[in-house]
Amino acid sequence: MYEPIRSKSVHSMAGESDFPHRTREEELDIQLAGHLAALLAVTDELGLDTEAERIAEQVTRLRGTAPLRHAGPTGADPAALHRRALAFAGRALVVAASRADTAAAILAAERMDAHTAALHGTQLVGAP
């Protein structure tokens, strides 16, 4: 009554050799490096050279290569840049905490504090 299935089902699980797999730690490293690289771009655009170097060190540690750097200030609204930096630092903090990366978590928390202070018009050490 029914014809037997002659080909592999599209709903079957892929074999181990079909594509490379990464560990959870490798995925978290990739995510953290991405969030920090985005934070680095905004930090460079704000002209915060010392802070940008600290972020670049962490990205280099995670990726194994130095990150590409932003060309410099573009004239964008500083408040908008601080809000973007705050968001990237928050994402980096969440991922750093989940992978237990203390150095990256401390850096992200410091950057969150500095950008929050900049948005509220107060000055912190290492803040713009």
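Two residues are in contact when heavy atoms of theirs lie within 4.5 Å. Keep that in mind as we look around this predicted model, beginning with a single residue.

**Starting from Arg63**

Arg63 sits in helix 2. Setting aside its neighbours within four places in sequence, Arg63 is in contact with Ala33, Gly34 and Ala37. Take Ala33 from that list: 30 residues separate Arg63 and Ala33 in sequence, and their C-alpha atoms are 6.7 Å apart in space.

**The whole chain**

Now step back. The protein chain has four helices and zero strands, so reading along the sequence gives the pattern α-α-α-α. Of its 128 residues, 32% count as buried. Look also at contacts between residues at least 6 apart in sequence: 66% of these join residues at least 24 apart. The accessible surface of the chain comes to about 8300 Å², and 58% of that belongs to carbon and sulfur atoms.

**A look at helix 4**

How does the span of helix 4 agree with what 1.5 Å a residue should give? The 18 residues of helix 4 (residues 102–119) should span 26 Å, and the end C-alpha atoms are 26 Å apart, so the two agree.

At the start of this helix, a side-chain oxygen of Asp101 comes to within 3.4 Å of the backbone nitrogen of Ala103. Just after helix 4, Gly121 adopts a positive phi of about 80°.

Several residues of helix 4 are buried, among them Ala104, Leu107, Arg111 and His115. What covers the buried residues of helix 4? The cover includes the helices in this table.

| Helix | Residues |
|---|---|
| Helix 1 | 24–46 |
| Helix 2 | 49–63 |
| Helix 3 | 78–98 |

**Helix 1 against helix 4**

Two packed helices are described by the angle between their axes and the distance between the axes. For helix 1 and helix 4, the axes come within 12 Å and cross at roughly 35°. On the helix 1 side, the contact is made by Leu32, Leu36, Leu39 and Leu46, while helix 4 brings Ala104, Arg111 and His115. The crossing of these helices is left-handed. Notice that Ala104, Arg111 and His115 also belong to the buried residues of helix 4.

Methods: Residues numbered from 1 in each chain as written. Predicted model: local features only at pLDDT ≥ 70, side-chain atom pairs only at ≥ 80, totals over all residues. Heavy atoms only, no water. Helix = DSSP H or I, 4+ residues; strand = E, 2+ residues; numbered from the N terminus. Buried < 20%, exposed > 50% of the residue type's maximum accessible area, 1.4 Å probe, protein only. Areas by Shrake-Rupley, 256 points an atom, 1.4 Å probe, with all protein chains shown as cover. Expected span 1.5 Å × (residues − 1). Polar contact = N/O pair within 3.5 Å; in protein donor to acceptor, adjacent residues only side chain to side chain. Axes fitted to C-alpha atoms, helices over the stretch in contact; angles between N-to-C directions. Left-handed = near helix turned anticlockwise from the far one by under 90°.
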